Amino acid sequence: ASMAAGAPDDMQVDRAQDADVGEEAEAVRQQSAAEIEAALKLWGVMEQRTSAQARELCEQLRLVLEPTLASKLKGDFKSGKRINLKKIIPFIASQFKRDKIWMRRTAPVKRTYQVLIAVDNSQSMLAAADYAREALAMIWKALAQLEVGDVGVIQFGDTHGAKVVHSLDQPLSDDAGARVLSGFSFDESGGKGVPKTAAAGPFETMLKTSLDSLREAKGSRSWH
């Protein structure tokens, strides 16, 4: 009888705990939504400030970063990747003498570069934080407009070392740009107080992380 009497109390406690968990989850969702909205707003401001510079940089890079991959088929060849259907009738009509009916990939038209942008997130950048954010947004948009290939972002300058905040296999979308930009606080210690014998400095760590990221991307990327 005593157990039966205690059961409703236990159920009430469980319901109360479930309610608390639900409220906490809702609070986290609201906070996340607010953070996302703030990040997108900041990205919009930086994008608006640097739109003209991004277009100019894109055109400058277009001259330097030439296309590396041929993706369009064209030409009249005796062998190739695909038959030009327009040449079939003349080929038959000529009793198979006009046999240049094949197309090939000739001039490169697509860029397949792999670019890593490293941004110092230490306190030394605090005075130039807005300039750093604008520079990141400008480069991001310029590379996206150029369709340069794969672009990644590395954050460095704290005691925890460098980390990839946008991997090379992720697209250069505005949502991704907002997320990356919001992750920079420019208030990290920059490795101060860490013995030099304990680990490599921030710059050395960034270089190692960059090389590791490029090797991994190179091994997994297959361009078509």
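**View A. R111 lies in the loop that runs between β3 (102-105) and β4 (113-120).** Strands (E, at least two residues) and helices (H or I, at least four) are DSSP runs numbered from the N terminus. The model is predicted: local features need pLDDT of at least 70, side-chain atom pairs count only at pLDDT 80 or more, and totals for chains, interfaces and linings use all residues. Residues are numbered from 1 along each chain as its sequence is written, and side-chain values use heavy atoms, with hydrogens and water left out.

**View B. Surroundings of the R111 side chain.** The R111 side chain reaches two backbone oxygens: that of L65 at 2.6 Å and that of R62 at 3.4 Å. Neighbours within four places in sequence aside, the residues in contact with R111 (heavy atoms within 4.5 Å) include E66, P67, T68, L146, V148 and G149.

**View C. The aromatic pair W43 and W140.** Two aromatic pairs are found in a search of the whole structure (ring centres of Phe, Tyr or the six-membered ring of Trp within 6.5 Å). W43 and W140 are edge-to-face (planes over 60 degrees apart), 5.8 Å centre to centre with 75° between the planes. The pair links distant parts of the chain, 97 residues apart: W43 is in helix α1 (residues 2-64) and W140 in helix α3 (residues 129-146). Both are buried.

**View D. The aromatic pair F184 and F186.** These rings are stacked (planes under 30 degrees apart), with 20° between the planes and 5.8 Å centre to centre. F184 and F186 are both buried.

How values were computed
Buried means under 20% relative accessible area, exposed over 50%, partly exposed in between (1.4 Å probe, protein chains only). A polar contact is a pair of N or O atoms within 3.5 Å; within protein, one must be able to donate a hydrogen and the other to accept it, and residues adjacent in sequence count only if both atoms are side-chain atoms.
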